[in-house]
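Let's take a quick tour of a protein model with more than a single chain to look at. Keep the 3D view open, and pick out each piece as it comes up.

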Amino acid sequence: MVGELNNAVIRLEDIHKVYDLGEVKVPALQGINLEIGPREFVAIMGASGSGKSTLMNLIGCLDRPTSGRYLLEGTDVSQLDSRARAQIRNRKIGFVFQQFNLLARTTALENVELPTIYAGLSPQERHSGAHAALKLVGLEAREDHFPSQLSGGQQQRVAVARALINRPSILLADEPTGNLDSHTSVEIMDLLTQLNHEQGLLVILVTHEADIAAYAQRLVLVRDGLILRDVHVRDRQEAYEVVKDLHALPTESVN
Amino acid sequence: MEYGVTLRVAARALARNKMRSALTMLGIVIGVCAVIAMVSVGQGAERQVQQQIESFGTNVVYISAGSPSRGVGGMRFGSWAVKTLTNDDMEAILKEVPLIWDAAPGVMESAQVVFGNQNWFTRVMGTTPNYLSMRNWAVAAGAIFTEDDINAAANVCVLGKTVADLLFGEQNPIGQTIRIKSLPFRVAGVLTPKGQSAMGDDQDDRIFAPYSTVQKKLKGQDWLQFISASAISREASVAAVPQIESLLRERHRIRLGEDNDFQVRTQSEVADLAQATGRIMTLLLGSIASISLLVGGIGIMNIMLVSVTERTREIGIRMAVGATEDDIQRQFLVEAVTLSLFGGAIGIALGLVFSVLISNFLQWPTLVSPAAVGMAATFSVAVGIFFGYYPARKAARLDPIEALRYE
C-alpha cells in the first residue's frame, strides 16, 4: 500500500490519465498507486496500449496526470507548469530512449553536454562533466565521434552518459535495448546494472522483453491502465520465473 | 541558457545548411541593399536641390511680370508678356520696402552669338551688377560692366563659363568683340562657373549685359520681365511679399477684386517645395525597396518553419533533457535574427557599394546618411524578430512526447 516507504523517491497516488480526443475520452491510466525507493531497479512491463508508456511519461515529467498526486522526492510535481517540469527533467531525471535520440552531426562529447547547457553550468564544468560521464560508460576515446560514426551500442552508451551528467535521481530507460542486437543488449543492461549497484542509481526500465526485465529486482506489470502485479525478486533466476508467470497470464483484462 | 551558448547553437544550426542559410539571407541582403541604395539616391537628389537653392540665396524675392491667373483681353499669356513691370517699380520697392536691401532688374532675350567661326544659341540677361553680387557670383577674369555702361546702354557683356568655353576655347575672351543678334558686344569679363540650377539648367550657359542695352537694342521694349530682390533675411523675404504686392498693386493701379498683373515668389517657398518633393521621392524609393525587404522576411519565416518541422525530434530531445519553452523559442528566434542581421550587414555593405557605383557611373548624386544605415540595420533585425517569432513560437509549443516520437 502507498505510504509504506518513508524515503520514497517516487510516490504515485491514485494517478489517472485521460486523453481527451475531442469526441471521445480515452482513459490511459485508471488509478495507479506506486512507490519506488532509492537504489531500486524496477522494470515496468506491459503490452503496447497497456498504459506503460503513459506511466513512463508521467514519471519522467514529460506529461501531467489528469488527477492524482505524484510526489518526486517528497515534492508534488503533478501540476507543475511546463517550465518547472523542464527543470525537473533537467536536474532529477535522465532519459534513455529506444532510438538513442542523439543529436546528429554533434560529437559524443557535445551530446553528453546538452543537459548541462540547460542547467546553466559554466563551459569548464560542462566539459569536465561530459568527460567524466563518457569515461563512466567507457567511451572516453570516442569523444569527438559523431553518432553516425558510432555503433548502436556505443550510441546508447553516449545516451546513458548524457542521462547521467546532471546526476539525476532517476534513470528512466524506455526500451533501451529495442534497437540493439542481443550481444549489445547484454552490454547495455550490464552497464545499467552496474550503475544501479555501484552508484546506487535508481533505474526504471520500461520494456516488454522478458529477458531484459529479468535484470530488475522488482517487476511491475501494467495492464489496462492499472498495476496488475508488483513483485520484488531476489535474483535473475527468480525474475525469469516471475516474468514467465506474468506472461502466462491471460492477455485479456482480468476484471 | 546563456546567450553565448544560444548564439553558438544557432550558428551551428545555420552552418549545417549553408546553402539554405545563404539563400535565405540573400532575400534580406537584396532588401536592405535596395533600401540603402534607393534612399541614398533620394537623399542625394534632395541634398543637391537644397544646395543649389542655397547657392541661389534663400533671401531672394522674385517678382515676375504677369500672373498665371490674369489674362490680357481674355487670353492668358506667359508670365513675361505683361508690359507693366518697370525699373521704376524696382526703385520704388527699394525705397519703400525696408525689408528689401538690394534688387536687380531682369530682361531676357534668346539670341545667336557669334565669335569668329564659332556660334552658339544662348540666353542674354539684361540686368545690373547687383544681380551678380546678390548671387555672390564673381568674375573669373576681366570685370563686370559698370553703372556708366548701364546709363549709356553700352554694348558690353559678361560671359558665363559655358558660353566662354564654347566661343573661345583656349583663347582669352577679355576685350574681344562678339556678335549678339549681329550687334557687336565687347566682352568685359568671364564669370566663375555656377553649375546646374535647381531646375536642372546650366546656369553658366548665359550672357549678362546692361539691362538698358538689352531693352533698347536687343528687344526694343522699356519694361522688365522680372525683378530679383534680396531681403535682409529668410524670414524677411516672406514678410516682404505682401508689402511688395500692395505697393505694386497701387503703382499698377489695380482695382480691388482684380488679379495681380505680377507674381511675387520667395526662394524659401521654392526651397520648401523642393524639399517636400525630395522627401516624397526618398520616401517612395525607400518604400518600394522596403517591399523587397518584406519579401526577404517572408523568406526567413518560410525557411524557419521548414527548419522547425525538420528538427522536431531535436526539439523533443532538447525538451526531454531540460530545455524550457523559452529556451527553444529563444534558440529559433536567435537563428532567425542571426540570418536577418548578417543579411542586413551584407546588404548595408552592398548598398554602400551600389550607391558609390550609382554616383560614379550614372553620375547621380547619392548620399548615404548614418540614419538610413541605422534604420536599415534596425529594420533587418526587426524583420528577423517579426518573421522569426511565429516559427519560434511553434517550435516552443511542441509537445515533447509527440516531438520525440516524430519520424
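Before we look at any sheet, here's the rule for pairing: two strands count as a pair if DSSP finds at least two bridges between them. Also keep in mind that this is a predicted model.

**The four-strand sheet in chain A**

- Four strands make an open sheet here, lined up as E2-E1-E4-E5 in chain A, and their pairing is antiparallel.
- Strands E2 (25–36) and E5 (75–76) of chain A sit at the edges with a single partner strand each, so each has one side without a neighbour in the sheet.
- Zoom in on E1 (residues 10–20) of chain A: nine bridges tie this strand to E2(A), and the two run antiparallel.

**The six-strand sheet in chain A**

- Chain A also has an open sheet of six strands, in the order E6-E7-E8-E3-E9-E10, and this one has mixed pairing.
- At its edges you'll find strand E6 (93–96) and strand E10 (226–232) of chain A, each pairing on one side only.
- On average, neighbouring strands of this sheet are turned by 20 degrees against each other, ignoring direction.
- Inside the strand order, E3 (residues 41–45) and E8 (residues 202–207) of chain A run parallel and are joined by five bridges.

**Where the chains touch**

- How many residues does the contact take from chain B and from chain A? Chain B gives 17 residues and chain A gives 20 residues.
- On the chain B side, the elements that give two or more residues are helices H1 (3–16), H10 (312–320), H11 (325–361) and H13 (400–405) of chain B.
- H10(B) supplies the largest share of that side, with four residues.
- Sorted by class, the side of chain B that touches chain A has ten nonpolar, two polar and five charged residues.

Key. Residues numbered from 1 in each chain as written. Chains lettered and ligands numbered in written order. Predicted model: local features only at pLDDT ≥ 70, side-chain atom pairs only at ≥ 80, totals over all residues. Contact = placed C-beta atoms within 7 Å. Nonpolar A, V, L, I, M, F, W, Y, C, P; charged D, E, K, R; others polar. Axes fitted to C-alpha atoms, helices over the stretch in contact; angles between N-to-C directions.
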